Amino acid sequence: MKILKFGGTSVGSAKSISTVISILEKEYKAGEKPVVVLSAMSGVTNLLSTMAEKAANGEDFTTQLAELETRHFDMVRSLLNVQHQNPAYTRLKINFNHLEELLQGVLTLRELTAKTRDLILSYGERCSTLMISKMAAQYFPEAFFVDASELIRTDSDFGHAKVNMELTELLIKSFQQENSDKMLFVTGFIAANDAGQITTLGRGGSDYTAAIFGSALHASEIQIWTDVNGMMTADPRMVKKAFSLPELTYTEAMELSYFGAKVIYPPTMIPAFLKKIPIVIKNTFDVNFEGTIIQHDCKASSLPIKGISSINDISIINLEGSGMVGKSGFSGRLFSLLAREQINIVLITQSSSEHSITFAVQPNEAAKAKRLIEQEFELELLAKKLEHPVIEQHLAVLAIVGENMKQTPGMSGKLFHALGRNGINVRAIAQGSSWTQRIGIIINIMELKAAQLLVDNWIKTTGIRYFNELTNTAILMEEVGEVARIMARQYGEQSFKKSDTEVNLADEMADVLFVLICLANQTGIDLTEAFEKNLEKKSIRDTDRHRNNEKLK
């Protein structure tokens with residue numbers, strides 16, 4: 001059995017929903033009856049949140065509610081046969097009436113609790129899944145709407161509920177056995193506590209729903225259909241030449257996702273990881289693209305680094321003092337304090353002398369964290385054994401990720417050298433266990449794009465991806481000059497590592513030369529011949545220049 005999850009953009013228009021149906025038809029004809037998990041239509045969750053805030057502030061929300069109804073009803077008119085439209089309209093209208101009553105209650109009380117917010121937000125997935133299950137029933141008579149809040153049990157941490165996996169898996173297995181002849185269309189994102197009150201699973205919750213069902217039903221594969229071609233080496237908005245990765249391990253995917261790659265939500269992978277179920281990231285708008293497969297074991301790769309990821313805005317808190325040195329339990333006391341107050345730590349680094357600790361948090365939590373630390377360690381501050389915490393803002397985290405880094409000596413040194421010689425200051429460093437998975441650095445947020453481009457270029461020149469276009473070839477040849485001509489003659493068209501070019505060459509010249517040789521090997525250029533022709537042209541230009549100078553004399 002497969003689990004297919006479709007995101008908001010995949011169900012955001014009549015055209016994309018038609019594509020979803022065609023994807024399901026292909027699976028159905030192949031003998032599959034997948035479990036389909038659906039998000040709210042793109043933009044709907046934000047719209048519901050806006051309406052809730054407006055109601056809490058005493059503002060009118062009816063315009064947005066009418067817009068929400070119209071959008072869903074238009075889809076029904078576009079994709080459902082006339083004889084099937086009325087039942088869909090009726091069910092949707094009941095949902096919108098319930099939603100309006102909730103919003104009126106918030107407007108009256110001028111209060112929006114986390115519990116009420118979850119209930120309001122749940123209508124996005126309820127409406128989209130109900131609507132699409134009705135559309136699918138025209139093609140698959142077994143199509144059956146499932147409200148996940150009846151099957152997924154959580155605690156009462158509204159907005160970020162924790163799943164009771166043992167009970168949830170029992171409920172899902174039992175339900176599937178009773179409905180084994182059905183094609184299940186399941187609401188993503190939503191669940192319920194033991195009292196039956198609606199909860200939500202947090203950001204990326206629909207992906208998590210898919211993974212929970214995959215784990216419970218021992219799925220052969222979990223497909224996440226989104227609007228990009230899998231996971232990429234970097235953010236394509238910042239690095240134009242970023243490219244899709246064919247496969248990643250769970251650990252690599254978690255690291256990239258944690259540090260800002262928004263294709264998949266990190267907790268999504270945990271149920272799949274525990275059951276070793278492959279996750280495939282596919283593109284609804286390019287169905288023939290293979291996408292990225294995330295699995296326990298990947299084929300052997302020569303690539304030391306798989307990708308670059310980042311968190312665009314974070315703050316760091318520096319804590320130092322002699323009272324920390326050799327003081328057992330200090331770190332536990334500090335981080336237990338922050339955990340109790342639900343302050344998430346993005347990154348931690350500590351000096352070997354134990355004299356200081358630096359950790360990163362979200363900017364909106366930095367002041368609260370500083371205040372809590374000063375309260376908890378008031379006696380140490382008064383005794384001058386601890387300095388007051390110092391907050392640094394306007395920073396970003398840049399991470400390079402790849403399991404093969406542990407087998408590639410000097411990766412960290414080359415990274416910091418590349419950044420340092422280009423004037424990018426590193427404020428703090430953190431790395432995965434034994435440098436195996438990830439190197440994370442904290443830099444000024446204004447330098448993030450430059451650092452991403454620099455690191456992307458450094459990765460290319462260390463063999464991760466060769467240039468495959470002829471842009472600026474002549475310029476590069478001119479820059480390399482006589483040294484490159486000698487090196488080209490020495491090595492011919494052999495494939496060799498960057499380290500081979502570094503003998504007696506400046507780093508900058510080595511980088512240029514390596515890129516040029518990679519480009520030549522990739523495109524089949526005879527490098528020696530190309531340089532000889534370039535030198536002949538240069539010789540002719542020099543001769544002409546000399547003659548002109550003589551005439552002027």
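Biologist: Which residue's side chain meets that of Glu 376 in a salt bridge?

Modeller: First, a caution: this is a predicted model. In a salt bridge, a Lys or Arg side-chain nitrogen is within 4 Å of an Asp or Glu carboxyl oxygen. Here Glu 376 meets Arg 333, with N to O at 3.0 Å.

Biologist: Where do Glu 376 and Arg 333 lie?

Modeller: Glu 376 is in helix α11 (residues 363-376), and Arg 333 is in helix α10 (residues 330-340). The pair therefore ties together parts 43 residues apart in sequence. Glu 380 joins in too: shared partners link Arg 333, Glu 376 and Glu 380 into one network.

Biologist: How many salt bridges does a search of the whole structure find?

Modeller: The search finds 15. Among them is the pair Glu 69 and Lys 93, at 3.1 Å, N to O. Glu 69 sits in helix α3 (residues 62-79) and Lys 93 in helix α4 (residues 82-109), so this bridge ties parts 24 residues apart.

Biologist: Is Glu 69 buried or exposed?

Modeller: Buried means under 20% relative accessible area. Glu 69 has 14%, so it counts as buried. Lys 93 is partly exposed at 35%.

Biologist: Which residue does Glu 169 meet in a salt bridge?

Modeller: Glu 169 pairs with Lys 275, at 3.6 Å, N to O. Their bridge links distant parts of the chain, helix α6 (residues 165-178) and helix α9 (residues 269-275), with the two residues 106 apart. Glu 169 is buried at 14% relative accessibility, whereas Lys 275 is partly exposed at 32%.

Definitions and conventions:
Residues numbered from 1 in each chain as written. Predicted model: local features only at pLDDT ≥ 70, side-chain atom pairs only at ≥ 80, totals over all residues. Heavy atoms only, no water. Helix = DSSP H or I, 4+ residues; strand = E, 2+ residues; numbered from the N terminus. Buried < 20%, exposed > 50% of the residue type's maximum accessible area, 1.4 Å probe, protein only.
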